[in-house]
Every structure is written in structure tokens, then in C-alpha cells.
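Morning, everyone. I have one structure to walk through, so let me put it on the screen.

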Amino acid sequence: FSEFVDILLEKPSRNGNRGLGPKTNPHWRPQRYLCNLEKFLPLYNFIGSFSHLFEHNKRMLQALGLWEQYGQSGWARPQ
């Protein structure tokens with residue numbers, strides 16, 4: 001395990017075999033590379049939390065006018 005942690009802490013290599021860079025295995029790659037955070041951060045205007053998943057998703061869908069179509073039935077908690 002300690003060797004695995006050491007590899008992750010290394011500076012990213014060009015082939016993605018070591019470190020946590022954009023070419024790292026997607027299972028270990030930081031989320032910021034997956035969602036192009038550097039490019040899209042100025043466009044983010046909502047941050048939700050898994051600890052309040054229902055409430056935050058409801059607020060987001062209501063703000064988008066999509067609550068009735070997508071949130072009110074299906075996975076949503078009954079009212």
C-alpha cells in the first residue's frame with residue numbers, strides 16, 4: 001500500500017503510469033481532469049452536497065424548471 005501511495009504522490013509522468021495527472025487511470029484520476037474544471041469553473045453556479053442530496057437536487061431542478069418533469073417522480077423522496 002505504501003508503494004501505491006508513493007506512486008500517486010509522484011509528479012505525473014508523460015505516459016500516465018505514475019502520479020495523478022490527466023492521463024492517470026480514470027479510477028484514480030482527480031475529478032478536476034474528468035470535468036475540465038479549469039475550463040468550466042467560471043460556468044459553475046451550483047454546488048451540491050451528497051450529505052443533502054435530495055434537497056440540493058430538488059433546488060437545482062426547480063431553478064432549472066425541471067423538477068416536475070425529472071425530480072418529482074422516480075428517485076425523489078416522497079413528499
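Predicted model: local features only at pLDDT ≥ 70, side-chain atom pairs only at ≥ 80, totals over all residues.

Now step back into H4 itself. Helix H4 covers residues 53-63. Which of its residues are buried? They are Phe54, His56, Asn57 and Leu61. And what do they pack against? The buried residues of H4 pack against helix H5, residues 67-71.

Let's take three of those residues in turn.

How many aromatic pairs does the structure hold? The count is 1. The partners are Phe54 and Trp67, with ring centres 6.1 Å apart. Their planes stand at 80°, so the pair is edge-to-face. The cut-off for that label is over 60 degrees. Phe54 belongs to helix H4 and Trp67 to helix H5, so the pair ties together parts that are 13 residues apart in sequence. Both partners, Phe54 and Trp67, are buried.

Next, His56. His56 is another H4 residue. Its relative accessible area is 16%, so His56 counts as buried; the cut-off is under 20%. What does His56 touch, once residues up to four places away in sequence are left out? The list is Phe46, Ile47, Gly48 and Ser49.

Then Leu61, also in helix H4. Leu61 counts as buried because its relative accessibility is 12%. Look across to Gly71. Leu61 and Gly71 lie 10 residues apart in sequence. In space, their C-alpha atoms are 6.9 Å apart.

On to the confidence scores. Which element has the highest mean pLDDT, and which the lowest? H4 has the highest, at 91. H1 has the lowest, at 80. Over the chain, the average pLDDT is 81. Of the residues, 90% score at least 70.

Zoom out to the whole chain. The chain has 5 helices and 0 strands. Along the sequence, the pattern reads α-α-α-α-α. How much of the chain is buried? Buried residues are 16% of the 79 residues. Now the contacts. Take those between residues at least 6 apart in sequence: 4% of them join residues at least 24 apart.

Then the surface. The chain's accessible surface is about 6,900 Å². Carbon and sulfur atoms account for 58% of that. There is a nonpolar surface patch of about 460 Å². Its members are Phe1, Phe4, Leu20 and Trp28. Where is Leu20? Leu20 is in the loop between helix H1, residues 2-9, and H2. At a relative accessible area of 30%, Leu20 is partly exposed.

Asn36 is not a glycine, yet it has a positive phi of about 50°. Asn36 is in the loop between helix H2, residues 31-34, and helix H3, residues 37-40. Is Asn36 buried, exposed or partly exposed? Asn36 is partly exposed, with a relative accessible area of 40%.

To recap, briefly. H4 packs its buried residues against H5. Phe54 and Trp67 form an edge-to-face pair.

Conventions: Residues numbered from 1 in each chain as written. Heavy atoms only, no water. Buried < 20%, exposed > 50% of the residue type's maximum accessible area, 1.4 Å probe, protein only. Helix = DSSP H or I, 4+ residues; strand = E, 2+ residues; numbered from the N terminus. Contact = heavy atoms within 4.5 Å. Phe/Tyr/Trp six-rings, centres within 6.5 Å; stacked < 30°, edge-to-face > 60°. Areas by Shrake-Rupley, 256 points an atom, 1.4 Å probe, with all protein chains shown as cover. Patch = residues over 30% accessible without salt bridge, like charges linked within 9 Å, V, L, I, M, F, W, Y side chains within 5 Å. Salt bridge = Lys/Arg side-chain N within 4 Å of Asp/Glu carboxyl O. pLDDT = per-residue confidence, 0-100.
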